[in-house]
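Me: I would like to learn how to read the features of a structure I have not seen before. Please take them one at a time.

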Amino acid sequence: MVTLIAEDLLLLLLDDETGRGPTGLDLRPLLGGAVLLELALAGAVEPGPRSAWGTSRVRTIAGGAPVEDPVLREALTEIATKERSAQDLVGRLGKGLQERLSVRLVERGILERREGRVLGLFPTTTWPAADSRHEADVRRALEAVLVQGRDPDPRTGAIVALLAAVDRAHKVVDRAGLPAGQVRKRAKQVSEGAWAAKAVRDAITAATTAVTMTVVAAGVATGS
């Protein structure tokens, strides 16, 4: 089954039983970062030089690879309209993406849509698992990298790096008795991209830095 990196992340982070995302984590920048990184891995965009503040501006690649998925096509159009920072883009590209991807996964029979009410008053929608086979395959690939120490392919490496950016890598795999800190350390090693070509390393750095900065900034604003 062909899925986006963002869809795989969503499946990993939604609770299979309740259909809810992790408490206290805004998924928008993470999903936006996943779309940005997928475009980079496809050879459609690239990060420019990093500024003194550690951020990169993202640009399309002239004659770059075409993308077929409508989510990726729309994101590519957004990037082509104006060169923006990676931090700006992860927020823009993540807007409304969780529900849109959830609906797509319902259409494929992977998730179920449930409507309900909180306190009998406020409408709510949850997305429990309907078929967990694809999600299980993704988890096995992650466990091979994070627990067994195998080198990742670019897609799995991207997922690990994005999970590490929000400190969730150790929570989505069966650690097989390994301490959480050891899995975190391995995720950080993978996110540094020694296994990847320079273009992939640069894309991972730009996307994950942007996600981390956005999540931290949101947390500071909420705390204030």
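**Cavities, pockets and packing**

Reply: On a 1 Å grid over the protein atoms alone, a cavity is a set of points where a 1.4 Å probe fits but cannot get out, whereas a pocket is an open set with protein on both sides within 12 Å along at least five of seven lines; lining residues have an atom within 4 Å of a point. Grid points are joined across faces, edges and corners, and a volume is the space filled by probe spheres set on the points. The model is predicted: local features need pLDDT of at least 70 and side-chain atom pairs count only at pLDDT 80 or more, while totals for chains, interfaces and linings use all residues. Residues are numbered from 1 along each chain as its sequence is written, and side-chain values use heavy atoms, with hydrogens and water left out.

Me: Which residues line the largest cavity?

Reply: The lining consists of Leu36, Leu37, Ala40, Val45, Glu46, Pro47, Val58, Ala203, Ala206 and Ala207. The space in the largest cavity is about 60 Å³. Helices (H or I, at least four residues) and strands (E, at least two) are DSSP runs, numbered from the N terminus. At least two lining residues come from each of H2, strand E1 (45-50) and H9. For classes, Ala, Val, Leu, Ile, Met, Phe, Trp, Tyr, Cys and Pro count as nonpolar, Asp, Glu, Lys and Arg as charged, and the others, Gly among them, as polar. This cavity lining has nine nonpolar, no polar and one charged.

Me: What is the volume of the largest pocket, and which helix gives the most to its lining?

Reply: The volume is about 210 Å³. H3 gives the most, with four residues. Helix H3 (70-81), helix H4 (86-94) and helix H5 (97-107) each supply at least two residues of the lining, which includes Val35, Glu74 and Arg100. Its classes are five nonpolar, one polar and five charged residues.

Me: How is a pair of packed helices read?

Reply: Two packed helices are described by the angle between their axes and the distance between the axes. Axes are lines fitted to C-alpha atoms, for helices over the stretch in contact, and angles run from 0 to 180 degrees between N-to-C directions. Here, helix H1 (residues 5-13) and helix H2 (residues 27-41) have axes that come within 8 Å and cross at roughly 145°. The residues of this contact are eleven nonpolar, no polar and one charged.

Me: Which residues of the largest nonpolar core touch the most other members?

Reply: A nonpolar core is a set of buried Ala, Val, Leu, Ile, Met, Phe, Trp, Tyr and Cys residues joined through side-chain atoms within 4.5 Å. Buried means under 20% relative accessible area, exposed over 50%, partly exposed in between (1.4 Å probe, protein chains only). In the largest core, of 63 residues, Leu9, Val35, Leu39, Leu142 and Leu163 touch the most other members. H2 gives the most to this core, with nine residues.

Me: Is glycine 43 buried or partly exposed?

Reply: Glycine 43 has a relative accessible area of 27%, so it is partly exposed. Glycine 43 sits in the loop between H2 and E1. Not counting residues up to four places away in sequence, glycine 43 touches Ile61, Gly64 and Ala65 (contact means heavy atoms within 4.5 Å).
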